[in-house]
Amino acid sequence: MSVTNVDTVEKFNTLIGSSSLTVVHFSAEWAEQCKQVTDVLKELLKLPEILSSGSQFGVCDAENLSEVSLKFKVDSVPTVILFRNSKQIDRVDGVDVAQISSKVKTHSIGKAISEEIPKQSLEDRLKTLINKHNVMIFMKGTRDAPRCGFSKTLIGILNGTGIQYETFDILMDEEVRQGLKVFSDWPTYPQVYVKGELIGGLDIIKELQGNGELEATLNA
């Protein structure tokens with residue numbers, strides 16, 4: 001078994017249509033980090049548990065197949081998306097070897113287990129995440145490594161207050177990333193919640209800071 005070169009939309013659709021796990025690496029020739037991710041996938045293919053699961057691996061040029069990249073919201077490389085029956089079930093944005101390996105192994109060998117356990121509804125999952133901490137930040141990246149300017153600015157402001165908070169990286173979970181926009185009726189990130197209630201994004205936080213109301217709002 002080898003990593004398949006996915007060079008047409010038809011080939012892509014055929015590959016992800018399998019009932020077995022299909023792992024697609026959206027890459028670009030100019031990106032050195034993509035070579036590292038492809039090497040990781042090749043090593044994973046050698047594992048007995050992956051071989052026996054019937055999982056498939058493919059590499060897709062994100063720029064040449066821009067139609068596919070747009071459909072699955074691939075806005076940077078490398079991005080690894082996991083599919084089953086043509087549906088996205090998980091993804092990893094960026095070079096995170098541990099996450100890629102863990103998710104591929106879990107989804108390759110965990111199909112039977114996952115089918116036996118009723119899946120928590122998206123709404124219930126979002127509510128659980130929102131209420132995980134008194135102050136929850138849904139952002140691109142983490143507090144230690146924000147992956148957009150808005151998230152970086154927000155973290156800088158919050159760190160200046162000394163208030164405890166927790167973050168969730170929406171780039172690591174496409175279901176949450178898209179679902180929270182609808183749930184909160186707030187189309188952009190970052191999003192700040194206090195005791196389960198949406199406060200808003202960076203502009204609102206800046207406004208509260210300018211009015212001297214930020215700490216009181218976060219401590220509500």
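Okay, before the first helix pair, a definition: an axis here is a line fitted to C-alpha atoms, for helices over the stretch in contact, and angles run from 0 to 180 degrees between N-to-C directions. Helices (H or I, at least four residues) and strands (E, at least two) are DSSP runs, numbered from the N terminus.

Now the housekeeping. This is a predicted model, so local features need pLDDT of at least 70 and side-chain atom pairs count only at pLDDT 80 or more, while totals for chains, interfaces and linings use all residues. Residues are numbered from 1 along each chain as its sequence is written, and side-chain values use heavy atoms, with hydrogens and water left out.

Twelve residues from domain 1 and six residues from domain 2 make the contact, where contact means heavy atoms within 4.5 Å.

Let's go to helix 2 (residues 32-44) and helix 5 (residues 97-109). Their axes come within 11 Å and cross at roughly 35°. The crossing is right-handed, meaning the near helix is turned clockwise from the far one by less than a right angle. On the helix 2 side you've got Q36, V37, V40, L41 and L44, and helix 5 brings V97, I100, S101, V104 and K105. By type, that's seven nonpolar, two polar and one charged. For the record, Ala, Val, Leu, Ile, Met, Phe, Trp, Tyr, Cys and Pro count as nonpolar, Asp, Glu, Lys and Arg as charged, and the others, Gly among them, as polar.

Next up, helix 9 (residues 174-184), where E174 sits. So is E174 buried or exposed? It counts as buried, because its relative accessibility is 10%; buried means under 20% relative accessible area, exposed over 50%, partly exposed in between (1.4 Å probe, protein chains only). Its side chain makes a polar contact with the side chain of R91, at 3.4 Å. A polar contact is a pair of N or O atoms within 3.5 Å; within protein, one must be able to donate a hydrogen and the other to accept it, and residues adjacent in sequence count only if both atoms are side-chain atoms. Leaving aside neighbours within four places in sequence, E174 touches K73, Q88 and R91.

Other buried residues in helix 9 include V176, R177 and L180. Among the elements covering the buried residues of helix 9 are strand 5 (87-93), helix 7 (122-130) and strand 7 (166-169). At the N-terminal end, D173 does the capping, with a side-chain oxygen 3.1 Å from the backbone nitrogen of E175. Just after the helix, D185 has a positive phi of about 55°.

Most residues other than glycine have a negative phi, and most peptide bonds are trans. Here, V77 to P78 is cis, omega near 0°, with P78 in the loop between helix 4 (66-71) and strand 4 (79-84). Y189 and P190 are also joined by a cis bond, omega about 10°, and P190 is in the loop between helix 9 and strand 8. Then S86, not a glycine, has a positive phi of about 70°, and K195, not a glycine either, has one of about 50°. S86 is partly exposed at 39%, and K195 is partly exposed at 48%.
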